[in-house]
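Here are my notes for when you open this one up. Have the viewer ready and take the points in order.

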Amino acid sequence: MVLIRLDRVCKVASSVFTRYTNSSTTVVWTSAFCSNNKFTLCRSFSSSNKKSKKTVAMLDEEAVRGKHVLLRCDFNVPMDKNTGKIADDTRIRAAIPTIQLLRGKGAKIVLCSHMGRPKGKVVEALRLAPVSDALPLLLECPVIQTEDCVGEKTANVIKNMSDGDVVLLENLRFHEGETKNSLEFAKQLVDTTSADVYVNDAFGCAHRAHSSTAGVVDYIAGPKVAGLLLSKELDYLSGVVNNPQRPFAAIVGGAKVSTKINVLESLVEKSDKLILGGAMIFTFLKANGLSVGSSMVEDDSLELAKKLMQRAEATNTCLYLPEDVVVADKFSEEAEFKVVSVNEIPDGWVGLDIGPKSVAAIQKHIEECKTIVWNGPMGVFEWPNFENGTFSVGRAMADATDRGAVTIVGGGDSVLAVERCGLTSRMSHISTGGGASLELLEGLVLPGVAVLDKAQK
Ligand code: ATP
């Protein structure tokens, strides 16, 4: 099921529509529907992504033993340009539990993934060899890599697999059909791999309808299920966020209102407290008539900011805008800086972090909540003079987890900030996907999730 809201800009609605043409049902909702209370709305969203998806853990041994399982992973790992080695193997590690589960059940596991953007051509630097080198150490078993992801040679390797064997296909995006969701390429992939079962564990790619995340399911007769990683992301970003333990706070920061407006529009309906930070606050402050010096402002988002504040009022959501900020005399790590009230930002100065009063207020909000989701840093945390807001939010969230609250962090920079403070293990869930986690928070149905089997009641 796909929900498309018609009160957005037509362009957005039509692009969303195009992206979800693979799905079986479409429900269109309008602003009239939007005026329902936030709880009704949340339930409508949650029913689509999370509710009834079958997971790999639900498959009994009979369903997979001796069967070829096509397992879509996200092995698009960052590479160190100087050494040519994997810079961060988090994504490979994240795939291990699903692979081990399938090995334990005697499946013949055919892994597939993309790496980078080779645009339909073979690019030597984007081969998956570093991944096939890393996997045997993590899995403690051999991994055979094929020269291509389709074709006779690959098919022969796969035909000779024994139960528990693991094969890694070469980069899917060496074929242009992959990103076009070409059904021909999808069929070729299924024919080559003799896939009986399909498992999608590539959360970071689940918001894309590509051949390996969507098209293939039309050609696989057996179960099509979510891997452990994908299902955990759905549990948190769709399940918990849509049916949270209340009070529920959403903390949104980062650079721009325009890239987060859909998330903000969704969270203002679902949360009890919507807490804003980062550069985007200056657009809100300006929309409120304040002078923000040389801080980053998106003038074309002023109306959106106003509408969001009105919506918060209408839905009785507490929208917290920082009351003080750290301003700098220039946008530089070495800049002179001071704390000022948001009413007193001097001309020519730029706001680069939230101030101590705001930090204390946000900590208090966090303390009062049982579910907290965070996306986007509070300031330019990359520079020590402006890291306090972001790191304090991280610490307050970690303390909240210790108290029994559910804490979820998503978004590249906020995850990095949490890692830098050594707080990763103290969050309930750290999301592995950038775009996909934002889309789940927006309440969208991910194409890679929509195509999976429903769990039986
Ligand atoms: P996502 O990955 O979902 O986009 P994110 O957590 O990576 O989310 P971004 O929206 O990409 O967040 O924004 C992060 C960037 O915003 C950081 O590089 C940070 O330095 C910058 N930033 C935060 N506050 C300010 C500010 N006041 N002025 C300028 N830049 C800021």
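1. Buried here means 20 or more other C-beta atoms within 10 Å of a residue's own, exposed means 12 or fewer, and partly exposed is in between, with C-beta atoms placed from the backbone. Strands (E, at least two residues) and helices (H or I, at least four) are DSSP runs, numbered from the N terminus.

2. Before you go further, keep in mind that this is a predicted model: local features need pLDDT of at least 70, side-chain atom pairs count only at pLDDT 80 or more, and totals for chains, interfaces and linings use all residues. Residues are numbered from 1 along each chain as its sequence is written.

3. Which residues sit on each side of strand 15? Thr 371, Val 373 and Asn 375 lie on one side, Ile 372 and Trp 374 on the other, and all are buried.

4. Now look at the partners of strand 15. Strand 9 (residues 248-252) runs parallel to strand 15, joined by 5 bridges, and Phe 248 has Thr 371 as its bridge partner. Strand 16 (residues 406-410) is also parallel to strand 15, again with 5 bridges, and there Trp 374 stands opposite Val 409. To get from strand 15 to strand 16, the chain passes through helix 14 (residues 388-403) in a right-handed β-α-β crossover. Right-handed means that, with the strands pointing away from you, the path from the first strand over the helix to the second runs clockwise. Two strands pair if DSSP finds at least two bridges between them.

5. Ile 372 turns up again in the largest nonpolar core, which has 129 residues; Ile 372 is among those with the most contacts inside it, along with Val 69, Leu 71, Ile 109, Val 110 and Leu 111. Helix 9 (residues 228-242) gives the largest share of this core, 8 residues. Such a core is a set of buried Ala, Val, Leu, Ile, Met, Phe, Trp, Tyr and Cys residues joined through C-beta atoms within 7 Å.

6. Finally, find the ligand. It is surrounded by 20 residues, the closest being Gly 254, Ala 279, Gly 411, Gly 412 and Asp 413; the cut-off is a C-beta atom, placed from the backbone, within 6 Å. Helix 15 supplies the largest share of this shell, 3 residues.

7. Of its 457 residues, 51% count as buried.
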